[in-house]
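Have the structure open as you read.

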Amino acid sequence: MNLALRDIRYHRGRFILTSIGLGLLLGVVISMGGIYRGLFADALAVLHQTGADLWVVQKGTNGPFAESSRIPEDLKYRIKGVPGVAEASPLSFQTLQIDRQGRPFRFFLIGYELSGLGGPGQIIAGRDIRQKHYEMVAAKAMKLQLGERLRLGQHDYTVVGITGKVVSSSGDPAAFVTLSDAQEIQFKKDNDAIRNYRSRIGADLADEPALPPAQAAFLAGKIGAVTESTHTVNTVVARLAPGADLDEVKEHISRWNHLHPISNQEQRDILTKGMIEKARMQLGLFRIILLTISAVIIALIIYTSTLDKLKVIATLKLIGSQNRVIVGMILQQSLLMGVIAYGIGYLLILATYENFPRRIVLEGVDLWALFVIVIVICTLSSFVGIRKALKVEPAEALGG
Amino acid sequence: MYAVEVENLTKVYGSGDTAVTAIAGASLQVKPGELVAILGPSGSGKTTLLTSIGLINEPTHGKVVIDGLTVADQGWVDGIDLKRLRREKLGFIFQAHNLIPFLSALENVMVALEINGLSGSEAKGRAAGLLAALNLGHRQHSYPRALSGGEAQRVAIARALANRPKVILADEPTAALDTENGKNVMGLLKTLAVENHSAILVVTHDERMVQGFDRIFHVNDGRICGG
């Protein structure tokens, strides 16, 4: 006869409620592990999506994700010419927050060349971008409909396709437009600003007595063209030819003083060890605190449950029960509570994790590790009850 | 051979100036099938005597022999397995029935059998038989909270009898019962003593309940007389 199960059966209301409470707590612990993995996955999503071997950014920066980086678009031709580089594409990244249906709508905009690297990859609904302008592919998490139009900068963009879970390192869902559209959204000034700039340049040059008027007008046109140019990108990514030596290619590009080549692994380290390290530590600390709280709760529940059973334990001892029967009863209850609470927490998160605002990634190794930790906690927590039970004297069963 | 032999048993609590002698040189013998009452006022030492015989309280001096086996001789005999002896040789009936609240009547009897090594099916069969013999067959699946005081005490008696003990020790078994139920329980103990050939020692302070007992011992200030 299993005394632990009999006790639970008799006090099932209390046991179920306690397990649900504990299950919610463990659910939060599971979700925090999932959020950590999600942070990791989010941080690397664009990296995986792009599939580049090399990221060329502005010298002295760790761009384009950790720091701002601006380089001329036409560098792609020079990088393509480096021995060992099979493909090179410019990319533009920016985080936008616009008003949509009266609410702030935040997303990460990626500009790419239609024939180059860094596009949206798998399209789950609609189609890829085909026109050079004003089409957009949005990540599913943006919850945009096919055909929906979105005002960005000075133009409306139509959603022609939906892609999967591509997000920025900060978890904002990504949208894709052509590189030229992205550059226009990011860099093109509105017409009033352009007119204002041109007037200022014209006035400055007119005040220069050494310049003849014709030359001043010529220079004003040239300076305007430079300042109004949108042909700037945040990075040029490259894919190497089979057998090419990454270090050699990096060395080659590093010789150009104004560029910084970053390998895919280095970019991965920048994103994971730098950008999400604090968040990871924060989540880890929360998990430890919550697990400690769980341990204290389990210990308290088992201890008070043991106190309720002191007379029963004394009676069992008096009629000759072995200590293992009593220890087994307390330990089994503790373990059962932990297992059921874990199950409740797991099922809860399994049923809801897709609705969390941030990505939750449930990995088997994390779930098993937490399960083992819960078992250890339950075992250790039951010791307080077991210690109390073993101190009970059989004589305590006597008397009223 | 006696079922219980107590020879010059002394139990002292504490030491030095604070020492209290609960039992002073008590001796008694009880034969199998005998129903014996130990009467005395509160604090006279009768429960101490019972717990010493019940292998719960280690005697300070003297000798205790259960079913021919010396268990205490100036303290517990070395290597003696008290739990096993309590399981196999002794049965206990308490003032409050002390049934396990989360077990049914049947399971309360079964638990004593399973602790003693019987399989679940064997224990179930024997427990059901015992309950039926005590007219509780229809209450097998009831929990203690649903039983009347008399029924609960009869389940406790069934549990005490489960392992066919040589000695049954009852500590104020009628204290929580009304007079009629108390008399019924005492009558049942008398019958069981004869039928099972068990020695039954009943501690009580109520002289009305011990009519028909084979022998009555009186305990006063730790000293035993009568019998």
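## Two domains in chain A

In this predicted model, chain A splits into domain 1 (3-42 + 277-397) and domain 2 (45-272). Taken over C-alpha atoms, the centres of domain 1 of chain A and domain 2 of chain A sit 51 Å apart.

How many residues does each domain bring to the contact between them? Domain 1 of chain A gives five residues and domain 2 of chain A gives six residues. On the domain 1 side of chain A, that contact has two nonpolar and three charged residues, with no polar ones.

## Overall build of chain A

Chain A carries 12 helices and 12 strands. Its radius of gyration is 32 Å, well over the 21 Å that the globule rule gives for 400 residues, so chain A is more spread out than a compact globule. The C-alpha trace of chain A spans about 120 × 50 × 45 Å along its principal axes.

Take the contacts in chain A between residues at least 6 apart in sequence: 79% of them join residues at least 24 apart.

## Where chain B meets chain A

Chain B puts 26 residues in contact with 20 residues of chain A. On the chain B side, the elements giving two or more residues are helix H1 (46-53), helix H2 (82-89) and helix H3 (105-115) of chain B. H3(B) supplies the largest share, six residues.

Definitions and conventions: Residues numbered from 1 in each chain as written. Chains lettered and ligands numbered in written order. Predicted model: local features only at pLDDT ≥ 70, side-chain atom pairs only at ≥ 80, totals over all residues. Domains from an automatic or database assignment. Contact = placed C-beta atoms within 7 Å. Nonpolar A, V, L, I, M, F, W, Y, C, P; charged D, E, K, R; others polar. Helix = DSSP H or I, 4+ residues; strand = E, 2+ residues; numbered from the N terminus. Rg over C-alpha atoms; globule rule 2.2 N^0.38 Å.
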